[in-house]
Every structure is written in C-alpha cells, then in structure tokens.
Amino acid sequence: MSAQISFHNLTLGYERHPAVHHLSGDVEEGALLAVCGANGAGKSTLLKGICGALKPLGGAIDLHGVSPRDIAYLPQGAEIDRSFPIHVYDMVAMGLWRRAGLFGGIGKADRARIEQAISAVGLEGFETRPIGTLSGGQMQRTLFARLLLQDARVILLDEPFTALDAKTVSDLVDLVRRWHGERRTVIAVLHDFDLVRATFPQTLLLARTPVAWGPTAEALGPENLLKARRMGEAWRVDAATCVDAA
Ligand SMILES: Nc1ncnc2c1ncn2[C@@H]1O[C@H](COP(=O)(O)OP(=O)(O)OP(=O)(O)O)[C@@H](O)[C@H]1O
C-alpha cells in the first residue's frame, strides 16, 4: 500500500505557537484513520494543515500529488454559517462545483446525482428547505450528501457525529464505511472512543505531539490514554514559541 499523506517533522500553529508539534508518519492510501485527543490537542489544526488552510510553521506535508480539489473537508459544525440563504438542494449541489466549476451549469446527469445523494442520506422531501430551518442532524446529513458529490480521494471530517442521535450516527457511519470500501482515504476527528474502536482500524492519538499512532486497540490502550492525559495536563497556555519554527 502506498502513502497518501506524509508528515515530515510537521509543526502547525498560530503566530508561531505550536498546536501540533513534530509529527512524522504516513497515512496510507485508503486508510480509515481516527484522530483523537483532549480538547486543544491539535486535532482540528491538523485537518486544517492537511487541507491547506494552514501553512506549516515547520516541517512539511506531502500529499503525493493529490490536488486540493481532491480533498473534501467537513469542518466542525460551529464553523458553518447556517444563516446563509440557501436550500438543501443547492447546498448539496455545491459538492459538484469543484468539478463543474462555479459557472459550469448543472445537467440532467448532475441533477440525478444530486437527487441520489439526497436520497442516500435520507433527506427526500427536504430539497426546498432553507438550511437555517434544519435540525442539527438534518444539517449534518445535508453536508454528508454534499461530500458524496464531491467524490474526493481524501475526506477530512472534524467531529462529524457530535450531538447527533444514534440513528443519524449509524446512517452517517455507513457512508464513512462506504467511502472506505471505495478506497478513499478518510481521516476523522472523534471523541467517542467506542465508535472509534468499532469503526476505525487506525488511530492517531494527539496531545500536540503524537502520543501513539497505529492499530486502534493499541493506540487507545490504557497506557497511551494516561500518557495523553498527562501531556495535556502539562500543557501551558503561555508556552514558548516554537524554536524550530522561528
Ligand atoms: N485561530 C487560532 N488562533 C490562535 N490559536 C488557535 C486558533 N485555533 C486554534 N488555536 C489553538 O490551538 C490549539 C489547538 O486547537 P485545535 O482546535 O486544533 O484543538 P482540538 O484538538 O481540535 O480541540 P477540540 O477537541 O476542543 O476541538 C488550542 O490551544 C487552540 O486554542
């Protein structure tokens, strides 16, 4: 299996304060990888680095030829503006924009794909609903339908199942499994260890620096979890700037 994403002594952060520090390793093509760790451990920062929203302070990320249009990124719910005046159908159709272009127009085949995506997430009948009127779970289904249309080789999900009911989580996990079956590379930030153990073969446990990275049962073993907690407790808000990154 070949590497899809490689981290080389990667440091990511804000104004030279590292949030992810000295990360090295490969994400294999087709991997289903969970990123776990305490609040502030650097998980979202890592996804932002992979999708190019944040430039490294030090080290490098090698995407092995994957172009930005082949990376789909679902940010944490709070970062999505629900007041934007758009209907479910158009929100889902945005998944085609990367390929069709903003002014590419939507043909008959595209309309069928949009309808299939809406149906795949169980939102038939919601097409004309403004997104501002959706429940949290319906909104997340809409965003997953958009991801379906993006047809990306690399899919980054930041806490995609937070505050969702069991049925919605189960339906969306099925989509994640489908992407894995299609050999797409999926990286998801998650806090629910039971879900991670049941669904994600690989886990990266972060506490700003990597604590463990490998098969989930080992990465989330008691010793690593204790180590991650201790490293989190030792973290100071006024930590010095990263010398490597200066
Ligand atoms: N835009 C920003 N400017 C400055 N500091 C930031 C910014 N975004 C995040 N940070 C800081 O970087 C560190 C890592 O944040 P990040 O959001 O990556 O953590 P996380 O592991 O995703 O946490 P959570 O589980 O709470 O979502 C935190 O200390 C956070 O305060």
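User: What share of the contacts in the protein with a separation of 6 or more comes from residues 24 or more positions apart?
Analyst: That share is 72%. Keep in mind that this is a predicted model.

User: How confident is the prediction, in terms of average pLDDT?
Analyst: The protein averages a pLDDT of 90, and 91% of the residues score at least 70. The model's ipTM is 0.98 and its pTM is 0.92.

User: How many helices and strands are there?
Analyst: The protein has 9 helices and 9 strands. Its radius of gyration is 19 Å, close to the 18 Å that the globule rule gives for 246 residues, so the protein is as compact as a globular protein of that length.

User: And what box do the C-alpha atoms fill?
Analyst: Along the principal axes, the box is roughly 55 × 40 × 35 Å.

User: What percentage of the residues count as buried?
Analyst: Of the 246 residues, 38% do. The largest nonpolar core has 66 residues. Leu 33, Val 35, Val 92, Ile 155 and Leu 156 have the most contacts inside that core.

User: Which helix gives the most to this core?
Analyst: Helix H5, residues 136–150, which contributes 6 residues.

User: Back to Val 35. Which residues is Val 35 in contact with, leaving aside neighbours within four places in sequence?
Analyst: Val 35 touches Lys 43, Leu 46, Ile 187, Ala 188, Val 189, Leu 204 and Leu 206.

User: New topic, the ligand. Which residues surround the ligand?
Analyst: The ligand is surrounded by Tyr 14, Ala 19, Gly 37, Asn 39, Gly 40, Ala 41, Gly 42, Lys 43, Ser 44 and Thr 45. By class, 3 of the shell residues are nonpolar, 6 are polar and 1 is charged.

User: Which helix gives the largest share of that shell?
Analyst: Helix H1, residues 43–50, with 3 residues.

User: Where does Thr 203 lie?
Analyst: Thr 203 is in strand E8, which covers residues 202–207.

User: Is Thr 203 buried or exposed?
Analyst: Thr 203 is buried, because 26 other C-beta atoms lie within 10 Å. Beyond four places in sequence, Thr 203 is in contact with Leu 33, Ala 34, Cys 36, Val 196, Thr 216, Ala 219 and Leu 220. One of these, Ala 219, is 16 residues away in sequence, with 6.1 Å between the two C-alpha atoms.

User: What about Leu 96, where is Leu 96 found?
Analyst: Leu 96 is in the loop between helix H2 (88–93) and helix H3 (97–100).

User: Which contacts does Leu 96 have, outside four places in sequence?
Analyst: Leu 96 is in contact with Ile 106, Asp 110 and Leu 149. Ser 170, by comparison, is 74 residues from Leu 96 in sequence and 25 Å away, C-alpha to C-alpha.

User: Last topic, backbone angles. What is the phi of Asn 9?
Analyst: Asn 9 has a positive phi of about 40° although it is not a glycine. Asn 9 lies in strand E1, residues 3–14, and counts as partly exposed, with 13 C-beta neighbours inside 10 Å.

User: And what is phi for Ala 163?
Analyst: For Ala 163, phi is near 65°, a positive value in a residue other than glycine. Ala 163 sits in the loop between strand E6 (154–158) and helix H6 (166–181).

User: Is Ala 163 buried or exposed?
Analyst: Ala 163 is exposed, with 11 other C-beta atoms within 10 Å.

Notes: Residues are numbered from 1 along each chain as its sequence is written. This is a predicted model: local features need pLDDT of at least 70, side-chain atom pairs count only at pLDDT 80 or more; totals for chains, interfaces and linings use all residues. Helices (H or I, at least four residues) and strands (E, at least two) are DSSP runs, numbered from the N terminus. The radius of gyration is taken over C-alpha atoms; the globule rule is 2.2 Å times the number of residues to the power 0.38. A residue is buried if 20 or more other C-beta atoms lie within 10 Å of its own, exposed if 12 or fewer, and partly exposed in between; C-beta atoms are placed from the backbone. Two residues are in contact if their C-beta atoms, placed from the backbone, lie within 7 Å. A residue is near a molecule or strand if its C-beta atom, placed from the backbone, lies within 6 Å of it. Ala, Val, Leu, Ile, Met, Phe, Trp, Tyr, Cys and Pro count as nonpolar, Asp, Glu, Lys and Arg as charged, and the others, Gly among them, as polar. A nonpolar core is a set of buried Ala, Val, Leu, Ile, Met, Phe, Trp, Tyr and Cys residues joined through C-beta atoms within 7 Å. pLDDT is the predictor's confidence in each residue, from 0 to 100.
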